[in-house]
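Thanks for coming, everyone. I'll keep this brisk. Have the structure open while I talk.

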Amino acid sequence: MDCNMEPGDGVSSATPTEEMNGAGNLMDFLDEPFPDVGTYEDFHTIDWLREKSRDTDRHRKITSKSKESFWELIKSLLDAWSGWVVMLLIGLLSGTLAGVIDLAVDWMTDLKEGVCLTAFYYSHEQCCWTSNETTFDDRDKCPQWQKWAELMTGHAEGAGPYVLNYFLYVLWALLFSFLAVSLVRVFAPYACGSGIPEVSEALPTGHAALQQGPTAVFVLQIKTILSGFIIRGYLGKWTLLIKTVTLVLAVSSGLSLGKEGPLVHVACCCGNLFCSLFSKYSKNEGKRREVLSAAAAAGVSVAFGAPIGGVLFSLEEVSYYFPLKTLWRSFFAALVAAFTLRSINPFGNSRLVLFYVEYHTPWYMAELVPFILLGVFGGLWGALFIRANIAWCRRRKTTLLGKYPVLEVIAVTGLTAVLAFPNPYTRRSTSELISELFNDCGALESSQLCDYINNPNMSRPVDDIPDRPAGPGVYNALWQLALALVFKIVITIFTFGMKIPSGLFIPSMAVGAIAGRIVGIAVEQMAYHHHDWIIFKNWCRPGADCVTPGLYAMVGAAACLGGVTRMTVSLVVIMFELTGGLEYIVPLMAAAVTSKWVADAFGKEGIYESHIQLNGYPYLDVRDEFTHRTLATDVMRPRRNDPPLAVLTQDSTTVEDVEALIKDTDYNGFPVVMSRESERLIGFVQRRDLTLAIKNARQKQDGVVSSSVVYFTEDAPQLPASDPQPLKLRRVLNLSPFTVTDHTPMETVVDIFRKLGLRQCLVTRSGRLLGIITKKDVLRHMAQMMNQDPESIMFN
């Protein structure tokens, strides 16, 4: 037999209670729990079974005490309602923060181009709302709003003012991005990326291999945390504050990123904050993760104005453990968050999102062909983006580029601003761009995309405008959109993963919306000019309103987002909630499924799973299949030529032996056997429990010295008076560790680890201990079976 768990393979956890596994207080003489019991070390995995058992025992005690007095009954009712109170607080705070972020981003984005003279804190739209001199045709122009060149020189047109506005636009963008990355680097490294930090910034010294720590994406970090991984500070109060401020700065800088993804991180920070107010959640990491799952739903609810989609997103994409009560509470949190955001009304349209649209024309079966083609495009874009972005992040991680994140942000921001300003579709914020692409061209629209040639004899309702020939504005817009598409595709690859708050949802939707609008206009013009073709004859008569280009933009946005993230059900529901129309679910489903199929043909992993592999996080995806015919004995350690397994005996180990074992090894748990000769398994003890037990015993129990014998039995034998006082630690011992036989198929072992959330299991034969399998061993074995580097799994 060989060595025990590697550093980080297991982690000490709270001491079990008497009701669980026969364990009670840490030592017989101690009635109160030790300090820090119930907590986990950083960068380790929680024990789901133990956390579940601890909560069951806690609930049993509360129920029992509630029958003793009226006050205990009140306390039990408060405990029962604490979950709903936490959900209410999460919804209120996340909705408020989302509203504040939306308002701030709107103002600071417009600040790059000009300022409102009547009130500097008004955005362009708000400034012209308050003006009495604004006409409907020129509703974006009002004397109260002036561009910087006009304010400084008095001239609004000409080469000089254009160059000055260009220069100030780039300067503001550089200033915003510099402030964002500086605040992140100095005050809250965990607020970078789209919520995902350079992990090395907070690594303990034992993880020296990660000093060039990888940058990742917020959802993978949230997914990893929800699966049971501990990352101290990632959801802290300071991270919440800095994340909120820098998110506004990063989005306002004009980089190809969105605020929707990081809003999930913000909501989870809110959830973690309120968990600390209730011991039910603060002292149980498993219960805390139920709250974080609901908080993720609230984050998506305020990000997209999609409460139901938020719940499904949490269930489908990020949550590891999602019981039925979490579903109800997620729904409630998403509801409260959406209601709060609606009350703030940050966009002034009585909607939850900027790009809410309503279409008045049904879709036709023949249109499924271009919808499916958009799905193919979305899948190809997703596969291309994942491969290119992962390659760039790997290069950032392994070269000098990773040492200069501020310089990288400044360089990418400068390049983005310089290339974006000349094109009106890249100059504006990405959310505004999507809003315009989604919009249907009504009689009152003044956009270039709606510059159609009207029939002067037309007299139809506003909502039933027939297809018309495209005017010069439409063709000019098509060229600008084509250039914007290439720009967005390329720049997003290099932007995503930098050390500033950034999300991927909106840039992916923008790529798809641009492609979809181009395809929609093409189909619309084909239907107008060739309405006698067989594909149009049956459903598009001359003078009819047949094709809605905005619908194609929406379908394209769903296809590209699905190709990158591989979301399906939640994606369709989110897009449906954006439009408010049930009849467009089929086109959205067709595009989402097609994009997933096409993207899966190039690789099964979405962007989050790919970054998880890149960063070596211990995430065991429930969707991965393991079909290899290997056994537990092939994976367990020790292996041949390895040193023996480090074990403790139940009645022949001294305190000095235990302290030496703890000092000389980095293992996080030790099997306890009857004797080294028989190796009959008795139980399993955590390193942290041993350390706490011996430390407190030396402080509080007289007679415990280095030569004291440690007993894991129920009763210590009577010893001569001259012998040192024995130390009884049976109550710190887990008497029912999870075990498998050496001939158990690894397919079964993998399922056990997934469904029970194990950190380790012991391998036995007829009760005799043979070895140990940790979560890291399982992940490394799965990587090896897929011809990947098993050493890439860095944490556990």
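Start at Thr 565. Thr 565 is buried, with a relative accessible area of 2%. This is a predicted model, by the way. Thr 565 sits in helix 20. What does the side chain of Thr 565 reach? The backbone oxygen of Leu 561, at 2.8 Å. Now look past the close sequence neighbours. Leaving aside residues within four places, Thr 565 is in contact with Glu 317, Phe 505, Ile 607 and Tyr 608.

Take Glu 317 from that list. Glu 317 is found in helix 11, residues 307-318. Is Glu 317 buried or exposed? Its relative accessibility is 2%, and the cut-off for buried is under 20%, so Glu 317 counts as buried. Its contacts, not counting residues up to four places away in sequence, include Thr 565, Met 567, Tyr 608, Glu 609 and Arg 623. Lys 223 is also on that list.

Stay with Lys 223. Which side chain does Lys 223 meet in a salt bridge? That of Glu 317, at 3.8 Å, N to O. The pair links distant parts of the chain: Glu 317 is in helix 11, and Lys 223 is in helix 6, residues 218-226. In sequence, 94 residues separate them, but C-alpha to C-alpha they are 7.9 Å apart in space. Lys 223 is buried too, with a relative accessible area of 0%.

Side chains of opposite charge can pair when their charged atoms come close. How many salt bridges does the model have? The count comes to 25.

Next pair: Arg 396 and Glu 408. Their side chains meet in a salt bridge at 2.8 Å, N to O. Arg 396 is in helix 13 and Glu 408 is in helix 14, residues 405-420, so this pair, 12 residues apart, also links distant parts of the chain. Both Arg 396 and Glu 408 are buried.

Then Arg 698 and Glu 659. Their salt bridge is 3.1 Å, N to O. Arg 698 lies in helix 26, residues 687-700, and Glu 659 in helix 25, residues 655-664, so the pair ties together parts that are 39 residues apart in sequence. Are these two buried or partly exposed? Arg 698 has 35% relative accessibility and counts as partly exposed. Glu 659, at 29%, counts as partly exposed as well.

Now the network. Arg 232, Glu 285, Arg 288 and Arg 289 are linked by salt bridges.

On to the helices. Helix 22 covers residues 585-602, which is 18 residues. From first C-alpha to last, helix 22 reaches 26 Å, close to the 26 Å expected at 1.5 Å a residue. Its buried residues include Pro 587, Leu 588, Thr 594, Val 598 and Asp 600. What covers the buried residues of helix 22? Helix 13, helix 20 and helix 21 are among the elements that do. Helix 13 came up with Arg 396.

Last stop, helix 17. Helix 17 runs over residues 472-495 and has 24 residues. At 1.5 Å a residue, helix 17 should span 34 Å, and its end C-alpha atoms are 34 Å apart, which agrees. Where does the positive phi come? Just after helix 17, at Gly 497, with a value of about 105°.

That's my tour. Over to you.

Definitions and conventions. Residues numbered from 1 in each chain as written. Predicted model: local features only at pLDDT ≥ 70, side-chain atom pairs only at ≥ 80, totals over all residues. Heavy atoms only, no water. Helix = DSSP H or I, 4+ residues; strand = E, 2+ residues; numbered from the N terminus. Buried < 20%, exposed > 50% of the residue type's maximum accessible area, 1.4 Å probe, protein only. Contact = heavy atoms within 4.5 Å. Expected span 1.5 Å × (residues − 1). Salt bridge = Lys/Arg side-chain N within 4 Å of Asp/Glu carboxyl O. Polar contact = N/O pair within 3.5 Å; in protein donor to acceptor, adjacent residues only side chain to side chain.
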